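Q: I would like to go through the labels attached to this model. For each one, please set the value against its cut-off.

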Amino acid sequence: MENTEVIKTLNNLAEISRDGERGFRTAAQEARDPQLKNVFETAAARCADGARELETQIATMGGSPTHSGSVSGAWHRVWTSLKAIVTGHSDKAILDEVERGEDVAKTAYESAIAQELPPNIHEIIARQYRGVKENHDRVRDLRNRAA
């Protein structure tokens, strides 16, 4: 795979990680349960760390990291806030939306892992994917308990 394609893949994942960070922070602001707020803040920090790691790798490879989120991520955050307001800040509704966002992240990482990437890049993405999966599964379990 060409260097520019690897950078493009890393930038896509960095954008998704930034979206995740913002989405989890929005969810933390909207959630009522203090424990849930803490789970969301911890997940936001993990996403921020992942984005920084990817951006560092992009710069190391001579690319320019994007420092914005994706358009779909921005819409997801708006929807999460709107849905929380409409449902009276229901933690279950917030969990539903956060899980949808994590589904998108999981799919993006799975797609990246399937690519032929340099071994060091593949290891970074595989490690981050495990974190994405942990976030997703934790949110799913919390949503199932809230049901």
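Q: Why does E21 count as buried?
A: Buried means under 20% relative accessible area, exposed means over 50%, and partly exposed is in between (1.4 Å probe, protein chains only). E21 has 14% relative accessibility, so E21 counts as buried. This is a predicted model, in which local features need pLDDT of at least 70 and side-chain atom pairs count only at pLDDT 80 or more, while totals for chains, interfaces and linings use all residues. Residues are numbered from 1 along each chain as its sequence is written, and side-chain values use heavy atoms, with hydrogens and water left out.

Q: What makes the contact between R25 and E21 a salt bridge?
A: A salt bridge needs a side-chain nitrogen of Lys or Arg within 4 Å of a carboxyl oxygen of Asp or Glu. The N to O distance for R25 and E21 is 3.6 Å, and their side chains meet in a salt bridge. R25 is partly exposed, because its relative accessibility is 30%.

Q: Where do R25 and E21 lie?
A: Both are in helix 1, four residues apart, about one turn of the helix. Helices here are DSSP runs (H or I, at least four residues) and strands are DSSP runs too (E, at least two), numbered from the N terminus. The chain has five helices and zero strands.

Q: Which residues are linked with R25 and E21 in a network of salt bridges?
A: The network also takes in R18, E41 and E55. E55 belongs to helix 2. With 6% relative accessibility, E55 counts as buried. By the salt-bridge rule the count comes to 15.

Q: What about D141 and R140: how far apart are the closest N and O atoms?
A: They are 3.1 Å apart, and the pair forms a salt bridge. D141 is partly exposed at 34% relative accessible area, and R140 is partly exposed at 28%.

Q: Why is S17 called buried, and what does S17 touch?
A: S17 has a relative accessible area of 7%, so the label is buried. S17 sits in helix 1. A contact means heavy atoms within 4.5 Å. Not counting residues up to four places away in sequence, S17 touches C47, G50, A51, L54, Y109 and Q128.

Q: Why is Q57 called buried?
A: Q57 has 15% relative accessibility, so Q57 counts as buried. Q57 is part of helix 2 and touches L10, N120, I121 and I124, again leaving out residues up to four places away in sequence. Across the chain, buried residues make up 48% of the 147 residues.

Q: What makes a group of residues a nonpolar core?
A: The set must consist of buried Ala, Val, Leu, Ile, Met, Phe, Trp, Tyr and Cys residues joined through side-chain atoms within 4.5 Å. The largest such core has 19 residues, and those with the most contacts inside it are L10, L13, L54, Y109, I121 and I125. Helix 1 (3–30), helix 2 (34–60), helix 4 (91–113) and helix 5 (119–146) each give two or more residues to this core. Helix 1 supplies the largest share, six residues. L13 touches L54, A108, Y109, A112 and I125, not counting residues up to four places away in sequence. A second, separate core has 14 residues, among them F24, L36, A43 and A44.
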